[in-house]
Amino acid sequence: MILPEIDPVAFQLGFLSIRWYSLTWLLAFGLIYLLALKNLNKISSNQLSDLMFYGLLGAMLGGRLGYMFFYSLDQLLSNPIKLFYIWEGGLSFHGGLIGVLFSSYLLSIRWHIRFLELMDFIAPYVPIGLGSVRVGNFLNSELLGRPTEVQWGVIFPSDPLGLVRHPSQLYQAFGEGVVLLIFMLWFIRRPRPHMATSSVFLIGYGVIRCFTEIFREPDSHIGFDLFNFISRGQLLSFPMIVLGVVLLFYSYKKHSKKDEAIS
C-alpha cells in the first residue's frame, strides 16, 4: 500500500500554520484531561487544569531536550543553538516523561500532595495521549518502520528508498494507546497500594515500547546501540522497566507490612 502524501499542515490561521502533529498533541492532552476529570479523587478540577498545562509544558520542553541529548548529542555539542530549532522536529518520549515528572513534582510540593500519589492518579489516563501522538507520527510520515513483506506494509512518501515498511507508528499507537490504556483502567478498578499504579505504568510502557521497537527502523544516524539489534528506544525503556519493578515490589512489601501491623 502506498501511503498518500499528507500535507503536514492541517489548515492556516492567517500567517500561522496549524500542523496535524500539533493537533494530535492537543488531542492527547484533551483526552487525558477528560478521562481524569471524570475520575477526580485526590485533586480538584482547577488543580487538574494546572497539572495538564504544566504537564504539557514539561512534555514539550523535556521532549526537545531529551531528543537533543539522547538522539542528537553530537549536534547539540557542536551547535547548542540547535536546541531551539523546533521547526526541524525532534521530540523524545523519555525526555518528555522526565519533563512531566519534574513539573508534576513541583506541583506536588506546592499542593502538599505526595508526588507518587499524584502520579498514581494521572498515570492510568496517559496511554490514550501516547496513542494519539503516535498517530501524529504516522500522519507526519516519520519514525518509519523496518522493511517488510506483510500485506499491510506501507510505502511512506518520506522514504527515499521507497521500501514497503511496517506501519510501526500504528503498532505503537495500538500498544501504547489502546492495550496499555485498557490494562491500566482494569488495574485501577480495585484499590491499589501507594506507588503501584505508577509502577505498573512504567513497566507496561517499557515492555510495550521494547516490543514495538522490533518493527521500527532505528534512527539512521544512530543505528543499533547493543548487539546489533538493541535500539536507542529500547535502551532508554529498560531502566523504566527496572525502576517500575523495584517500585512495585517496594509498594506491595510496604503495604504488606502495614497490614501486618494493623492485624
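Let me begin with the largest cavity, which holds about 70 Å³ of space; a cavity here is a set of points on a 1 Å grid over the protein atoms alone where a 1.4 Å probe fits but cannot get out, and a volume is the space filled by probe spheres set on the points, joined across faces, edges and corners. This is a predicted model, in which local features need pLDDT of at least 70 and side-chain atom pairs count only at pLDDT 80 or more, while totals for chains, interfaces and linings use all residues. Residues are numbered from 1 along each chain as its sequence is written, and side-chain values use heavy atoms, with hydrogens and water left out.

Among the residues lining the largest cavity are Tyr71, Arg209, Glu213 and Arg232, where a lining residue has an atom within 4 Å of a point. That lining divides into two nonpolar, three polar and six charged residues, with Asp, Glu, Lys and Arg counted as charged, Ala, Val, Leu, Ile, Met, Phe, Trp, Tyr, Cys and Pro as nonpolar, and the others, Gly among them, as polar.

Turning to the second largest pocket, an open set with protein on both sides within 12 Å along at least five of seven lines, we find about 400 Å³ of space. Its lining has 17 residues, and Asn41, Lys42, Asp120, Arg192 and Thr197 lie nearest the centre. By class, this pocket's lining has six nonpolar, four polar and seven charged residues.

Finally, Leu226 counts as partly exposed because its relative accessibility is 35%, between the limits of under 20% for buried and over 50% for exposed, with a 1.4 Å probe and protein chains only.
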